[in-house]
Amino acid sequence: MLNTPSPTISAFGYEIIRDYILSSILGKHEGDVLYWAGKDLARKFPCKSQDELIAFFADACWGNLELIKESKDGRIFQLTNDPELLQIGLRSFRLEAGFIAEQIQQAKGYLTECYDEKREKQQNVMFTVKWDVKERIMNTVPSE
């Protein structure tokens with residue numbers, strides 16, 4: 001899955017689907033649906049470590065994910081990329097937020113949420129991840 005050569009896809013084709021078709025179909029529910037889709041995607045592509053999570057972002061062409069800060073109950077990540085690829089003004093980053101939330105929830109075993117903040121002037125997105133140490137979750141393997 002990670003760091004394997006794959007056929008290139010046109011950025012234009014990806015942008016059509018990501019920025020226009022999905023938002024048109026999902027309408028006002030785009031953020032919520034993308035967040036839950038990101039969580040589902042994370043269950044299908046589990047990352048065993050933070051390094052794998054960062055590598056997944058690069059492999060998926062989502063951008064460069066970097067851990068900025070870590071505390072006992074959270075983390076802050078920064079996502080950067082070429083501004084033309086990041087499309088920060090057009091794009092919702094709830095898919096990525098849901099993906100990060102689920103990956104960390106599976107790793108930590110606590111109920112976890114992730115909030116995204118688009119910073120247009122700096123051309124980056126900040127993801128604030130928080131988990132609740134009072135809310136233990138059961139790690140179950142979904143049946144196929």
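Predicted model: local features only at pLDDT ≥ 70, side-chain atom pairs only at ≥ 80, totals over all residues.

Trainee: Why is Glu-102 called buried?

Mentor: Buried means under 20% relative accessible area. Glu-102 has a relative accessible area of 2%, so the term applies. Apart from neighbours within four places in sequence, Glu-102 is in contact with Lys-39, Ala-42 and Arg-43.

Trainee: What makes α5 mostly covered?

Mentor: Of its 15 residues, 11 are buried. Among them are Leu-95, Phe-99, Ile-100 and Ile-104.

Trainee: How does the reach of α5, from its first C-alpha to its last, stand against the expected value?

Mentor: Helix α5 covers residues 94-108 and reaches 21 Å, close to the 21 Å expected at 1.5 Å a residue. Just after α5, Gly-109 takes a positive phi of about 85°.

Trainee: Why is α1 called roughly perpendicular to α2?

Mentor: The axes of α1 (residues 11-26) and α2 (residues 30-44) come within 9 Å and cross at roughly 110°. Angles from 65 to 115 degrees count as roughly perpendicular, and therefore α1 is roughly perpendicular to α2. The crossing is right-handed.

Trainee: Which residues make the contact between α1 and α2?

Mentor: Helix α1 contributes Leu-22, Ser-23 and Leu-26, while α2 contributes Glu-30, Val-33 and Leu-34. Four of these contact residues are nonpolar, one is polar and one is charged.

Definitions and conventions. Residues numbered from 1 in each chain as written. Heavy atoms only, no water. Axes fitted to C-alpha atoms, helices over the stretch in contact; angles between N-to-C directions. Helix = DSSP H or I, 4+ residues; strand = E, 2+ residues; numbered from the N terminus. Parallel < 35°, antiparallel > 145°, perpendicular 65-115°, else oblique. Left-handed = near helix turned anticlockwise from the far one by under 90°. Contact = heavy atoms within 4.5 Å. Nonpolar A, V, L, I, M, F, W, Y, C, P; charged D, E, K, R; others polar. Expected span 1.5 Å × (residues − 1). Buried < 20%, exposed > 50% of the residue type's maximum accessible area, 1.4 Å probe, protein only.
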